[in-house]
Amino acid sequence: MFLKRTEIKPKKTQGLSVGVDELIAQRKFLPYIKQRHNNITSYQAGDIRSAFKGRGMELEEVRSYGYGDDVRDIDWRVTARKGDTYTKVFSEEKDREVYAVLDISPYMLFGTKKELKSVSAAKLTALLGWQSLANKDRFGVVLFDGYETRMFKPQNNQKNLMAIFNAISEASSSVLQQRNLAAAEKKDLSDTLKLLQYCTKGKAMIFVISDYNNISDITKKALVALSRRSQLYCVNVYDVIEEDAPANGQYIAEYKGEKVSFETFSAGFKEIYHKHFLQKRKDMEDFCRRIKCHYLSIRTDRPLYKQLKIL
């Protein structure tokens, strides 16, 4: 009796890192996103009506002529009828400048269902990129992998989006292989946000995608500075086990060589566990409310497009 030798291929690391094909596939979810953009964030021409007034294609209003108004916009018919000088004001179309600050540092390499938080964050970034492209907005990414920051300036073309996807996929795989928390814990998003603050011109729409578990006072100050000039969204990505305690049993957790054992049989423990999560979320929501920025909560095991509601 002879046995045929077969080669066993390793399984794909689905949910542990993200491939370019997965980022491209996010495009199919565009029709399901609730788009509620109302404000303008740049000075270049596009398809979105601006809150600014200028020489455009559509008449906004007719008002009394004022000092500094362009004489070419004088409405001579209304002027002759009213006996006073009136000018036309046009609504000007402009595009948005959209940034996604993507945190895929080793602290984001956590997940118990479906995929890691870093993978969900990367897919959200891709979804925002496709949405920006569809809206004819300019999309840029600031990529933080825990060690260094890479910046992709906003552009409105698919070539730039593919370059961003490739960089995200490479960084996702690289961070997964290194998993060097000792180096990553010395850095947080503060320098990344400061870099973005210096690079943005005018009012931009900025999505900071992270788990906010290790947010420092310096990072908060950087968020405050960004919120003053831009339309800021703090997107909090979390795993189900951060919200609810694991199933009944005994567990051991280890961090930096220190081990902690605990059990989840007690209903009181589960309640305290859940309240701790809710308090952290409330603190973040209160912070966002104070600085007048939007807060979005995203759970990794639920469809991302159903949770991404742009206010």
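## Aromatic pairs

Across the whole structure, a search turns up eight aromatic pairs. Here rings of Phe, Tyr and Trp (its six-membered ring) pair if their centres lie within 6.5 Å; planes under 30 degrees apart count as stacked, over 60 as edge-to-face and the rest as tilted. One of the pairs joins Phe 269 and Tyr 273, a tilted arrangement with 6.0 Å from centre to centre and 50 degrees between the planes.

This is a predicted model, where local features need pLDDT of at least 70, side-chain atom pairs count only at pLDDT 80 or more, and totals for chains, interfaces and linings use all residues. Residues are numbered from 1 along each chain as its sequence is written, and side-chain values use heavy atoms, with hydrogens and water left out.

## Setting of the pair

Phe 269 and Tyr 273 are about one helical turn apart because they sit four residues apart in helix α9 (residues 267-290); helices (H or I, at least four residues) are DSSP runs, numbered from the N terminus. Phe 269 is partly exposed at 28% relative accessibility, and Tyr 273 is partly exposed at 25%. Buried means under 20% relative accessible area, exposed over 50%, partly exposed in between (1.4 Å probe, protein chains only).

## Cysteines

How many disulfides are there? The count is zero, a disulfide being a pair of cysteine sulfur atoms within 2.5 Å. For Cys 293, the nearest cysteine sulfur belongs to Cys 288, 3.5 Å away. Cys 293 is buried, with a relative accessible area of 10%.

Definitions and conventions: Helices (H or I, at least four residues) and strands (E, at least two) are DSSP runs, numbered from the N terminus.
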